[in-house]
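Work through the exercises below with the sequence and the model side by side. Try each task before reading its solution.

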Amino acid sequence: MDKRLQLKVIIKKCEEKFGRGNSESWKHNDYIDFSKSILEKTKISISHNTLKRIFGKLTTDEFYLPQKATFDALIDYSGFDVSEEFNDNSFPENQSSESSAIPFKADIKKKSNLILAVILFLSVIIASYLFFKKSDFNADDVSLKLTASEGILPKTCFFSVDVANVSDSTFIDFGDKTSLIYLKENEKTLSHTYFIPGVFDVSITNKTKGYKKARVFVTTNYEKWYALCFQRQRLIPKSYYAFLANKNQDSLFTITNRELQIHNIDTIQPFFVRLCNYTPLKKTADNFVFETTFKKEIQKEEVSCDGLVFKVSGAENDIRFHFVNSGCTSRVANIVSDKIINGTDHNLSPFVVDFKKWNTIKLINNNKKLTLFVNEKLIYETTYTASLGDLRGLFVEFENNGFIKKCDLSSLDGKKYYSF
């Protein structure tokens, strides 16, 4: 669907949420108050002038759309699911919109006017290209540093930032899939709360380039295993359930759909269940043996792409492997230290498993040489050069629900580092 049509619906939803009637009657102070309301709910700052442009109070060109972070903030503020609202039936095929019209009128018949319009359009494209090419920022132009933290889980981290030498609109990405935060030129200090354990790369970006400037470690409490259940990671902590993980009477880890529903996880929609342990160890992550045994409940005749991901995190880099059911290998995204191997440009069919059966995955990392087995069959070998650093933790994550019989990470000589 056309983004401009989406924006019209989002504007209406935001008007309803703000509760001051139609925005056409809003005064200057209403937009200031609306900006404060968005900041309070989403933690994203949108200036009142930007809101005026979005709501048609200030003149913009016919191609104008807000930046993605602003768009996402308005979606978050309105409190509804875009993927459900904007399906193919949301708007009839014969519905028209001024915002989606061709930028010059279709009834212009004079050839000279048409040529002029084409020239102007090409001029705008060329000028935009030159502007954005010129506006790229460099690593030396930005500064970001982790200065302090408070708590264990959740954990609030404090950052010092400096983007004064950058002319672009810049944002900070906290690495946990929450929305990007716009950085003001005079911004000096920023804080962010992490609700899930893990290793997160924090970066400054202009949405074209990004520079990693900090790596945040959020550990689990009490050296225990945690289970995390969430609808989407960007919706944490709104749709989120976390608890100390244990095996049931059958010596399995699982969580029932009923329990998920009690904690506001909609099991009709896609959701994720993660088993993790992020107790840092002074052991190298370049030598280990990882093993897990699992299965999933797949409904008969269900057409879907379910998956399982496991990740071993080091202080410097990570290893992550992704397994899917048959027909879905284009969705696979594997990470080996500083390398990314995607199913869109590699044949990753060995990463297909039958989730209805018990499967055992075994990964051996012997001095940066990886050998990966599924049900005792070798499916993948590779090497890497950039060290992972000391062990920080690991997780196994189901898309939808599943069962885990074991999850262990050991030294090459069999000493258990993490064992579930």
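**Exercise 1.** Decide whether Arg-215 is buried or exposed, and then find its salt-bridge partner.

*Solution.* In this predicted model, Arg-215 has a relative accessible area of 14%, and because buried means under 20%, Arg-215 counts as buried. The next step is to look for a carboxyl partner, and the side chain of Asp-201 meets that of Arg-215 in a salt bridge, at 2.5 Å from N to O. Arg-215 lies in strand β7 and Asp-201 in strand β6, so the pair ties together parts that are 14 residues apart in sequence. Asp-201, at 29% relative accessibility, counts as partly exposed.

**Exercise 2.** Work out which parts of the chain are tied together by the salt bridge between Arg-331 and Glu-399.

*Solution.* Begin with the contact itself, in which the two side chains, those of Arg-331 and Glu-399, meet at 3.6 Å from N to O. Then place each residue: Arg-331 lies in the loop between β13 and β14, whereas Glu-399 lies in strand β19, so the bridge ties together parts that are 68 residues apart in sequence. Finally, compare accessibility, where Arg-331 at 37% counts as partly exposed and Glu-399 at 15% counts as buried.

**Exercise 3.** Describe the second largest cavity by its volume, its lining and the strands that supply it.

*Solution.* The volume of the second largest cavity is about 40 Å³. Its lining includes Gly-198, Val-199, Phe-217 and Val-218, and strands β6 (198-205) and β7 (210-218) each supply at least two residues of this lining. Sorted by class, the lining has five nonpolar, two polar and one charged residues.

Terms used
Residues numbered from 1 in each chain as written. Predicted model: local features only at pLDDT ≥ 70, side-chain atom pairs only at ≥ 80, totals over all residues. Heavy atoms only, no water. 1 Å grid on protein atoms, 1.4 Å probe; cavity = no way out; pocket = protein on both sides within 12 Å on 5 of 7 lines; lining within 4 Å. Points joined across faces, edges and corners; volume = space filled by probe spheres on them. Helix = DSSP H or I, 4+ residues; strand = E, 2+ residues; numbered from the N terminus. Nonpolar A, V, L, I, M, F, W, Y, C, P; charged D, E, K, R; others polar. Salt bridge = Lys/Arg side-chain N within 4 Å of Asp/Glu carboxyl O. Buried < 20%, exposed > 50% of the residue type's maximum accessible area, 1.4 Å probe, protein only.
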